[in-house]
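Visitor: Could you show me how to read helix packing here? I am new to this one.

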Amino acid sequence: MKLPKAIENIFGNRELKKRLGFTVLILVIFRFVAHIPVPGVNHAQLKAVFNSNQLLSLLDIFSGGTLANFSILAAGINPYINASIIMQLLQMVSPKLKALSEEGESGYEQINQYTRILTVPLAILQSLAMFALLKSAHLIALDSVLTLIALLSTMTAGSIFLMWLGELLTEYGIGNGISMIIFSGIVGRIPISFMQATITAQSFNLANIIIFLTLSLLIIYAIVVVEEAKRQVPVRYSRRVRGGAEVGGSDSYLPIKLNQAGVIPIIFAVSLLLAPSMLLRVLQHFVNPHLAEIFASFVQHFTPQSFWYNFIYFILVVVFTYFYTAVVFDTEKIADQLKKNGGYIPGIRPGKQTEDYLDSLVNKLTLAGAVFLGLIAILPSIIQVITGARSLTIGGTSILILVAVVIETANQVESYLVMRNYDHFLR
């Protein structure tokens, strides 16, 4: 489809046009509120600290770009993401939550309500940790307990507000709301990050810029290929007689994507990886000198440039990829649905054998997808070794999120256009 024709079709679809307009409106509101600062913070010094610390810069990316200027949304979307991780883990050990997850839309809504409730205490804890971190660095002044309560309340309310914007985007806009908010934060940081890398890094010369741009194009190409790659499993449906008419007997395909989990494993891994570092940065100012020295040593060595940081990051991404794939692609349920509908995979018995076959196939595909995601996650460190640009924070993770969100949004737009054509056909 040619671009002008595609744009004409998009704006000719009333539902799609309404959703696109709503998405733009929410993102504009988000970017506006993200620039409302929390009072009492030395913002100039704070930005300098974030620009010199890649770990904090990475946290700023996943806060939607609201942390470096310490806006009222500084707590970001991380509390909601962490609450989602906890709820999904609990579904594996809690029979009640597992039963709720199998009840369809009503069960999903109840679990989502539990996630929202859990987000509140997590947002308070993260706000308190961030306050203690800034207080220890003399970047914020505390006049009274009421000032602290007001600060924590503001940051917690900002996190809940951000969660609400994300859910509104998911329901009434285009794409996944949480991903869109992170996408907006990354896009806003790209010019700043690139300028810092080209100006402040002495070793970031013209040759390194060319290397960086070439690697970026290759990464984008690889991400698009992996995101679109899928295994088409043939499915055949037996003929049945219903109401005196013969139905079924058709052939179809069960698409299994190479990367079923999308960018969620990286978002989960970053959330878990940053939590210990933030906690230890706070605790080293409140414990005895011996423990403080140990914590300080850990924080100093556990950086995005260290081997163990990247090794743990890689392992977390791989584990979460398997975990999230098992959540979104339930082979037992799919095998059961195929059996109920008279479908079977040629050469494979329906039921348990079909489930085992799909398990084996998904595990093999997920391994390739998980390793790819893990390599993309640690790619910034590899690029830094090649180019020597220590201030470059827009790396493989950010590019993956950008490309994945664009692909997801484009696919959703295309699905609305297909629905419109189908409706015209029925009329």
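Guide: Start with α13 and helix α15 (residues 352-377): their axes come within 8 Å and cross at roughly 145 degrees. Axes are lines fitted to C-alpha atoms, for helices over the stretch in contact, and angles run from 0 to 180 degrees between N-to-C directions. Helices are DSSP runs (H or I, at least four residues), numbered from the N terminus. This is a predicted model, where local features need pLDDT of at least 70, side-chain atom pairs count only at pLDDT 80 or more, and totals for chains, interfaces and linings use all residues. Residues are numbered from 1 along each chain as its sequence is written, and side-chain values use heavy atoms, leaving out hydrogens and water.

Visitor: Which hand does the crossing of α13 and α15 have?

Guide: A crossing is left-handed if the near helix is turned anticlockwise from the far one by less than a right angle, and right-handed if clockwise. The α13 and α15 crossing is right-handed.

Visitor: Which residues of α13 and α15 meet?

Guide: Contact means heavy atoms within 4.5 Å. On the α13 side they include Tyr-313, Phe-314 and Val-317, and on the α15 side Val-362, Asn-363 and Thr-366 are among them.

Visitor: How does helix α5 pack with α13?

Guide: Helix α5 (residues 78-93) packs at about 65 degrees to α13, with the axes 12 Å apart. Here α5 passes α13 in a left-handed crossing. Ile-85, Gln-88, Leu-89 and Met-92 of α5 meet Phe-320, Phe-323 and Tyr-324 of α13.

Visitor: Where is Val-319 found?

Guide: Val-319 sits in helix α13, which covers residues 307-328.

Conventions. Helix = DSSP H or I, 4+ residues; strand = E, 2+ residues; numbered from the N terminus.
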